[in-house]
Amino acid sequence: MAHSTLKQLADLLATGKTSSVELSQDYLGRITRQNPGLNAFITVDAERTLAEARAADAVRAAGQAGPLTGVPIAHKDIFCAEGWLTTCGSKMLHNFVSPYDAHVISQFKAAGMPTLGKTNMDEFAMGSSNETSFYGPVKNPWDTARVPGGSSGGSAACVAAGLAPAATGTDTGGSIRQPAALCGITGLKPTYGVVSRYGMIAFASSLDQAGPMAQTAEDCGLLLNVMAGFDPRDSTSLEREKEDYARDLAEPHDLIKPLAGLRIGLPKEFFGAGLTGDTAKAVQDAIAQFKSSALPRSKSACPTPGLSVAAYYVIAPAEASSNLSRFDGVRYGYRTHDYADLTDMYEKTRAEGFGAEVKRRILIGTYVLSHGYYDAYYIQAQKLRRLIAQDFAEAYKHCDVILGPTAPTTAFKLGEKADDPVQMYLSDIYTIAVNLAGLPGMSLPCGFDALGLPIGLQLIGDYFSEARMLNVAHQYQLATDWHLQLSPIMRMETEYKALDALLSVPEAGKKGTMV
Amino acid sequence: MNWETVIGLEVHTQLTTKSKIFSGASTAFGAEPNTITRAHLEEDAGKSLHEDFAGMTGIDLNRAGTPLLEIVSEPDMRSAKEAVAYAKALHTLVTWIGTCDGNMQEGSFRCDANVSVRRPGEPLGTRREIKNLNSFRFLEQAINYEVRWQIEQIEDGHKIQQATVLFDPDTGETRMMRTKEDAHDYRYFPDPDLLPVKLEEDWIEQIRSTMPELPGAMCERFQRDYGLSVYDAAGLTSQREAAAFFTDTLALAGEANAKLVANWVQGELSASLNREEKSIAEAPIAPAQLAGLIKRIADGTLSNKLAKQVFEVMWTEGGEVDAIIEAKGLKQMSDSGEVERIIDEVLAANAKSVEEFRAGKEKAFNALVGQVMKATKGKANPSQVNELLKNKLG
């Protein structure tokens with residue numbers, strides 16, 4: 001079924017009720033039907049997917065299956081995957097076929113999970129609506145006139161539409177959590193350093209972190225188990241003991257008060273102006289839900305969201321201007337066709353290869369790092385960053401998790417904020433501080449607005465508290481059914497299977513196409 | 001006109017690590033010539049090859065990512081010679097402790113020289129930086145040219161503009177690469193992928209305790225403990241291998257023979273190595289062999305002249321000193337009866353010289369000594385011959 005969770009699919013595979021090839025074909029069929037409308041994938045290569053699925057089935061037949069062997073997954077196109085076109089949503093990499101696997105990709109390969117395709121994203125992960133992609137915007141499966149959020153918009157949309165049971169994302173300022181909220185799915189940004197950034201195309205290295213996007217917190221836990229772990233190829237990868245992030249989920253818990261003793265922080269700063277009525281209400285309702293089973297604290301102080309945005313839009317562009325200087329047309333990727341000399345080639349390549357938002361951030365970053373401005377902008381922003389981390393540290397003396405909205409609004413219309421960068425930047429007002437502090441953050445569905453668009457609840461934990469956060473989210477999902485609501489596209493796909501059987505239309509599994 | 005030269009050096013030493021820069025830091029520095037401002041790690045960015053391809057520039061990325069330690073001095077040096085001496089001392093140090101192979105042709109050790117001139121007592125003049133000097137000779141030539149050029153410019157009424165220049169060894173001149181106006185704003189900021197490195201005191205102590213004795217300390221010790229001259233001690237400690245050869249030989253030959261060992265390592269051994277363009281590691285003679293030879297000089301078995309012949313045989317054919325003496329019949333005559341007999345023969349055959357000597361001609365005595373040595377095929381001990389002759393003629 002289109003809405004099956006990873007857990008359910010893993011059980012079907014384990015009990016022999018389906019095979020990885022069959023599952024993969026199902027999803028590839030949905031992609032063939034729905035992706036032309038959603039534009040959630042940049043690259044699909046059915047042959048490659050099915051070859052991996054056959055290999056996974058062979059592993060299972062040999063009795064060597066792991067917990068998720070054979071379950072397919074989609075990957076954000078920011079992850080280098082050997083033999084796959086890896087564009088990062090940019091013309092600059094429109095022809096880049098990666099010669100190697102990112103750490104995240106090799107972890108999923110080792111877990112036996114076939115790749116369903118590479119998902120669309122904002123160019124170089126710079127955007128909050130997926131409209132900056134060179135490959136065109138992704139449509140929100142709840143309302144295709146609206147954005148899915150960004151930058152992991154393709155990953156969020158494909159999960160919400162049932163085109164993949166789960167997907168990887170990356171989060172530099174909210175790029176997992178905000179699209180998860182806007183598409184009604186569950187997403188987790190782990191503590192900085194938990195997942196290796198090796199082979200993940202860098203945007204802002206001190207903020208970038210990969211994480212899972214799925215339908216449930218439980219699935220996110222299973223995926224984090226695959227993704228997390230020390231990798232010497234990323235100097236910021238943390239060497240920690242392997243932990244089972246889903247450990248608290250399976251254990252029997254107090255059914256009456258499953259979260260007894262949990263101290264919840266509710267920063268008033270997260271409920272200020274700008275938070276629209278429906279979102280505010282849904283989040284308040286979710287908090288009320290928790291109040292019955294946990295110890296709420298309403299006075300927790302948090303960094304003023306506005307300051308986070310200001311600091312972020314100095315630091316992230318500064319790092320981006322450095323990271324993106326490698327795209328010069330010399331070694332790989334796009335190169336301009338006509339040029340007079342080397343400098344002309346560099347200039348034209350970058351002028352033609354980068355989109356407007358990427359150029360805007362390179363310019364900001366270049367400016368704030370320039371001689372004479374560095375102290376006023378970059379140093380100030382770094383000081384602010386330190387203060388933000390200290391504020392959180394202070395807050396966590398008094399609480400275990402912080403709750404609030406993920407995004408100030410539900411999904412907005414395509415084009416609505418495309419010409420107003422500041423409005424667009426404010427989409428991440430509640431998520432950015434988490435990246436600046438390096439903390440783990442989650443988004444999970446907590447309601448719908450009057451238009452039927454999903455609303456996300458943000459959960460922010462202390463460093464390395466992913467297992468606890470996942471349990472908090474899991475308990476909430478056991479008690480609510482927001483995450484079980486199907487987007488119109490997914491509903492269509494759920495019904496399609498029955499229709500398909502009735503009409504006995506042969507299932508897809510077409511040759512690889514770039515869509 | 002009176003001008004003062006001011007030089008500061010930036011020396012790039014490629015580190016002899018097994019891996020490229022991001023896989024681990026290298027050892028800390030031990031000695032601190034007073035002039036060093038700072039040392040920092042950087043990575044080689046690769047290089048452009050302008051000469052190898054006509055009309056094109058080649059890009060060599062083979063060394064990209066190789067760690068370098070850049071050692072920056074204060075503008076403390078006042079002549080090209082001083083700069084060379086500093087660079088040589090640094091070269092000895094980094095090769096001594098094994099952090100750099102010191103290969104200058106391959107660019108493992110190269111210098112940028114910041115050069116300016118001023119009137120004595122005045123503030124520093126505007127500097128020009130000569131890039132990538134990869135030999136001590138070029139360093140000296142480049143600085144000397146640059147100093148002359150700058151003085152000329154100023155005396156002709158021009159101002160020096162801050163610039164980066166290249167030295168052309170073919171013309172012996174420096175030429176402009178870029179001026180300060182072209183300088184890039186590098187927009188440096190802390191790289192988020194390079195985390196702060198915290199050096200634990202224990203670790204620093206551990207490195208310190210495993211550091212070899214440094215050349216300066218060793219040079220002083222050689223003078224103090226073995227009574228060597230500054231010249232000998234400095235020569236022996238200019239290279240770690242030479243110092244090791246010396247100490248190994250000394251351990252076998254006995255400390256009483258330190259001066260002899262120093263003379264032989266610096267003299268015959270060094271000359272032979274130079275002649276055959278060999279490094280000390282490639283010497284066909286081991287410390288044990290040389291020590292054997294030295295012992296035979298010390299106990300009077302060999303004259304210096306015979307010892308050189310034995311050394312020659314050791315070098316070309318190998319073998320131990322006693323075996324060579326035996327095989328080649330090179331033993332010095334120590335039997336005074338035998339020497340006396342030969343002296344008597346020589347005196348009988350050279351009556352004229354004897355007469356001249358008795359008439360007061362000192363030179364005639366030397367001629368007689370020469371005749372005796374010739375008759376003994378050099379195996380007589382010259383001082384013994386002197387003594388016996390004096391007795392006979394006296």
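A salt bridge, in this talk, is a side-chain nitrogen of Lys or Arg within 4 Å of a carboxyl oxygen of Asp or Glu. Please keep that rule in mind, and note that we are looking at a predicted model.

Let me begin with the interface of chain B and chain A. Which side chains form it? They are those of B:Asp193 and A:Arg197, with N and O 2.6 Å apart.

The contact as a whole involves 15 residues of chain A and 9 residues of chain B. Together the two chains bury about 980 Å², and carbon and sulfur atoms account for 59% of that area. On the chain B side, B:Arg187, B:Phe189 and B:Asp193 contribute 56% of the area buried against chain A, more than any other three residues. There are also 3 residue pairs in polar contact between the two chains, both residues being at pLDDT 80 or more.

Over all chains, the structure holds 40 salt bridges. The pair I have described joins two chains, because B:Asp193 is in the loop between strand 9 and helix 3 of chain B, while A:Arg197 is in the loop between strand 5 and strand 6 of chain A. Is each partner buried or exposed? B:Asp193 has a relative accessible area of 27% and is partly exposed, whereas A:Arg197, at 8%, is buried.

Two further salt bridges lie within single chains. In chain A, A:Lys348 pairs with A:Asp344, their closest N and O atoms being 3.2 Å apart. Both residues belong to helix 11 and are 4 residues apart, about one turn of the helix. In chain B, B:Arg110 and B:Asp44 meet at 3.7 Å, N to O. This second pair links distant parts of the chain, since B:Arg110 is in strand 6 and B:Asp44 in the loop between strand 2 and strand 3, 66 residues apart. Both B:Arg110 and B:Asp44 are buried.

Finally, I turn to helix 2 of chain B, residues 136-155. At 1.5 Å a residue, its 20 residues should span 28 Å, and the end C-alpha atoms are 29 Å apart, so the two values agree. Its buried residues include B:Phe136, B:Leu139 and B:Ile143. The buried residues of this helix pack against several elements of chain B, among them helix 1, strand 6 and strand 9. Just after the helix, B:Gly157 adopts a positive phi of about 90 degrees.

Methods:
Residues numbered from 1 in each chain as written. Chains lettered and ligands numbered in written order. Predicted model: local features only at pLDDT ≥ 70, side-chain atom pairs only at ≥ 80, totals over all residues. Heavy atoms only, no water. Contact = heavy atoms within 4.5 Å. Buried area = accessible area lost by both parts, 1.4 Å probe. Polar contact = N/O pair within 3.5 Å; in protein donor to acceptor, adjacent residues only side chain to side chain. Expected span 1.5 Å × (residues − 1). Buried < 20%, exposed > 50% of the residue type's maximum accessible area, 1.4 Å probe, protein only.
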